[in-house]
Amino acid sequence: MNERTRRLLAIFATFTAGLLLCLSVIVFVSGRGGTSAVQAVSIGGPFNLVDQNGQPFSDKDLKGKSFLVFFGFTHCPDVCPTTLFEISEILRNLGPEADHTAALFISVDPERDTPAAMKDYLANFDPHIRGLTGDAAALDAVARAYRVYYKKVSLEGGDYTMDHTAIVYLMDKEGRFVAPVNMRRNADIVAADLRKQL
Ligand code: NI
């Protein structure tokens, strides 16, 4: 598969994942009506991972906090660093209130993203961002829970990259999905939205 085909496939996959997410939200929202026969599709759920300091971290550690979740990998050339920079801007806008929220960067690359690699990488961003990793099974389970698509793609020369869904999720204090975060808006507007959830 050449580079162009690969990129087109990646765009298609991201588009499909986005479409599926929108459908999930519609089903979720209509499911809240109570009369709908459609089963609500949930986004998020329990997980047991390890943070960038090598400490266990689970959904239970987030109780009472609204939080942002983004999936990616430290070798990502563009989308991940850009998004983490934007999340850092949002956290900076929150000021001291950032302590009352959480921002999770969950790896889709268990082979390379050890806690130490995550720690090195996250030194470039806001210190509130918590990097989470784990073995392939644990990361696969959490990606499924968040309806995140990811796929290993071989590159010439034996290297590889990861295609992945690049949606930032806003979750409430109970760990329930609220909305995807529109990262095209200014960080202060997103921060104001997030502040309402605190
Ligand atoms: Ni990425």
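Here is a short chat about this predicted model.

Visitor: How many helices and strands does the protein have?

Guide: Let's walk from the N terminus: the elements run α-β-β-β-α-β-α-β-α-β-β-β-β-α. The secondary structure comes to five helices and nine strands.

Visitor: What percentage of the contacts with a separation of 6 or more comes from residues 24 or more positions apart?
Guide: For background, the protein has 198 residues, and buried ones make up 42% of them. As for contacts with a separation of 6 or more, the share from residues 24 or more positions apart is 69%.

Visitor: Which residues donate to the nickel ion, and with which atoms?
Guide: Look for protein donors lying 2.0 to 2.2 Å from the nickel ion. Along the chain they follow the spacing C-x3-C-x83-H. They are Cys-76 (SG), Cys-80 (SG) and His-164 (NE2).

Visitor: Which residue stands opposite His-164?
Guide: Strand 6 (residues 150–154) and strand 7 run antiparallel, joined by five bridges. They form a hairpin with five residues between them, and Gly-157 in the turn has a positive phi of about 90 degrees. Opposite His-164 in strand 7 stands Tyr-150.

Visitor: How far apart are the end C-alpha atoms of helix 2?
Guide: Start with the expectation: helix 2 (residues 79–94) has 16 residues, and at 1.5 Å a residue it should span 22 Å. The model agrees with that, as the end C-alpha atoms are apart by 23 Å.

Visitor: How wide an arc do the buried residues of helix 2 cover around the axis?
Guide: The buried residues are Cys-80, Thr-83, Leu-84, Ile-87, Ser-88, Ile-90, Leu-91 and Leu-94. They're on the same side of helix 2, because the arc they cover around the axis is only 160 degrees.

Visitor: Is Thr-83 buried or exposed?
Guide: Thr-83 is found in helix 2. Leaving aside neighbours within four places in sequence, Thr-83 is in contact with Phe-70, Val-168 and Met-183. Its relative accessible area is 7%, and the cut-off is under 20%, so Thr-83 is buried.

Visitor: Phe-70 and Phe-105 form an aromatic pair; is it stacked or edge-to-face?
Guide: Phe-70 is in strand 3 and Phe-105 in strand 4, so the pair ties together parts that are 35 residues apart in sequence. Phe-70 is buried at a relative accessible area of 0%, and Phe-105 is buried at 0% too. The rings are 6.1 Å centre to centre with 20 degrees between the planes. Planes under 30 degrees apart count as stacked, and this pair is stacked.

Visitor: Which residues do ring pairs link into a cluster with Phe-70 and Phe-105?
Guide: The count for the model comes to seven aromatic pairs. Ring pairs link Phe-70 and Phe-105 into a cluster with Tyr-121 and Phe-125.

Visitor: Which residues of helix 4 are exposed on the other side?
Guide: In helix 4 (residues 136–145), the buried residues are Leu-139, Val-142, Ala-143 and Ala-145. Seen down the axis they fall within an arc of 160 degrees, so they line one face of the helix. What covers them includes strand 1 (48–51), strand 3, strand 4, strand 5 and strand 6. On the other side, the exposed residues are Ala-137 and Arg-144.

Visitor: How far apart in space are Val-181 and Val-69, C-alpha to C-alpha?
Guide: Val-181 has its place in the loop between strand 9 (177–180) and helix 5, and at 13% relative accessibility it counts as buried. Leaving aside neighbours within four places in sequence, its contacts are Leu-68, Val-168, Tyr-169, Leu-170 and Val-190. Val-181 and Val-69 are 112 residues apart in sequence, yet in space their C-alpha distance is 9.7 Å.

Technical notes
Residues are numbered from 1 along each chain as its sequence is written. This is a predicted model: local features need pLDDT of at least 70, side-chain atom pairs count only at pLDDT 80 or more; totals for chains, interfaces and linings use all residues. Side-chain values use heavy atoms; hydrogens and water are left out. Helices (H or I, at least four residues) and strands (E, at least two) are DSSP runs, numbered from the N terminus. The expected span of a helix is 1.5 Å times one less than its number of residues. Buried means under 20% relative accessible area, exposed over 50%, partly exposed in between (1.4 Å probe, protein chains only). The arc is that of the directions from the helix axis to the C-beta atoms. Donors are N, O and S atoms within 2.8 Å of the metal (3.2 Å for Na, K and Ca); water is not among the atoms, so sites may look incomplete. Two strands pair if DSSP finds at least two bridges between them. Rings of Phe, Tyr and Trp (its six-membered ring) pair if their centres lie within 6.5 Å; planes under 30 degrees apart count as stacked, over 60 as edge-to-face and the rest as tilted. Contact means heavy atoms within 4.5 Å.
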